[in-house]
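Visitor: I'd like to learn how to read a model like this one. Could you take me through it feature by feature?

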Amino acid sequence: MDRQQLVVLAMGAAHKAHKEFGVNPTSRVDVFRVLRQVGADVFFRPLRSIYGAYLPTGDSIPGLLINSNLPLSVQRFTAAHELGHLYLGHKTASLEKGLDFTPEERSGTDPDEVVAEAFGAFFLMPRPLVKASITELGINEKRIDSPDVYLLALQMGTSYAATVNQLQTLKIVHPAQARELRKQVPKEIKQKINDEKAVGRHDVWLLNESWNGKEIFPAVMDTIRIQLKETPTSGYTWSLQDQPVGVNVLEDTRKGPEEAGIGGTQVHEFVAALAENASDSTLTLQKKRPWEQGSVKGEFSVQIRPQELRKTGPLVVPKIA
Ligand SMILES: [Zn+2]
């Protein structure tokens, strides 16, 4: 089979797996739920040089290893890649040294790896989900830039590099555009959208009006940065209604022209960090005149779905017989 046929095979397998495990192809895919359903032995461990591993064991249950030092988005993509090896019944062990090879690099890569990689991509990023996410986040498909791809990846729960590859595979970006996007690295993109503050392996959720009413999936120590427009001279200002437990608002500032003239707009920014004790909750902001009762002119809310970042140990703790 040539490389294009392998990709088609992987796409078909991912589609079949979605049906088999009841995955909705238009919303974020819970790959760890599927791995629990499959019944593989999945183990997390901080590792230095590999993303993860697939360890077939003949007739018994295969083992999967995931590097817990990686950002959650990369762990999820690794998990989907390993699920590909498992679902397609690959016979040889695989140590993942570099996961995100580009579509151009497929020809020099082992066929099992091409299939697992494409399976992982189509499993986490089926076309309906990619298209829906682009629309929901208000991204201009014709002018996708690196922060757009980073946030799109974050919302779908995949890595930046894998998302660039998949956008290219789906022909949403041209190969030349993809090459430009690959020159940017997530570490720098995160810092750029986070007021030049480094966040290490944690993520930055930069939210604007397009995210109103959406669910977000941050992990502990992720930064949530909400930027909403307001017109200072109107007297209407955004303020926090409910501060959920574990969502700690650290900054409440205004950005933009110091002297926004009459009718001029500024950006009102709220910066929060997710703490260990966060649970499913709603963060709500209201736009109103602080001195006027019942003057609510707008509301912004996001559902916060904290994600577990595992350090070491199995996905499913075995029961002692
Ligand atoms: Zn592999």
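Guide: Let's begin with burial: a residue is buried if 20 or more other C-beta atoms lie within 10 Å of its own, exposed if 12 or fewer, and partly exposed in between, with C-beta atoms placed from the backbone. Helices (H or I, at least four residues) and strands (E, at least two) are DSSP runs, numbered from the N terminus. What you see is a predicted model, where local features need pLDDT of at least 70, side-chain atom pairs count only at pLDDT 80 or more, and totals for chains, interfaces and linings use all residues. Residues are numbered from 1 along each chain as its sequence is written.

Visitor: How many residues of H3 are buried?

Guide: 16 of the 16, so H3 is largely enclosed by the rest of the structure.

Visitor: What span should H3 have?

Guide: The expected span of a helix is 1.5 Å times one less than its number of residues. H3 should therefore span 22 Å, and its end C-alpha atoms are 22 Å apart, which agrees. After H3 comes Gly89, with a positive phi near 60 degrees.

Visitor: Which strands does H3 lie across?

Guide: For angles, axes are lines fitted to C-alpha atoms, for helices over the stretch in contact, and the angles run from 0 to 180 degrees between N-to-C directions. Contact is when two residues have C-beta atoms, placed from the backbone, within 7 Å. Helix H3 (residues 72-87) lies across E2 (52-55), E3 (63-67) and E4, at about 160 degrees to E3.

Visitor: In what order do the five strands of the open sheet come?

Guide: Two strands pair if DSSP finds at least two bridges between them. Here the order is E4-E2-E3-E1-E13, with mixed pairing. E4 (94-96) and E13 (313-314) are the edge strands, each pairing on one side only. E1 (residues 41-45) runs antiparallel to E13, joined by two bridges, and Phe43 stands opposite Pro314 in E13.

Visitor: What about the open sheet of four strands?

Guide: That one is ordered E5-E7-E10-E9, also with mixed pairing. Its edges are E5 (204-207) and E9 (247-255). Within it, E7 (residues 223-230) and E10 (residues 266-274) pair in the antiparallel sense over eight bridges.

Visitor: Which residues touch the most other members of the largest nonpolar core?

Guide: A nonpolar core is a set of buried Ala, Val, Leu, Ile, Met, Phe, Trp, Tyr and Cys residues joined through C-beta atoms within 7 Å. Of the 73 residues here, Val31, Leu83, Ala118, Phe119, Phe123 and Leu124 touch the most other members. Helix H4 (residues 111-124) gives the most to this core, with nine residues. Leaving aside neighbours within four places in sequence, Phe123 is in contact with Ala14, Ala17, Val29, Ala80 and Leu83.
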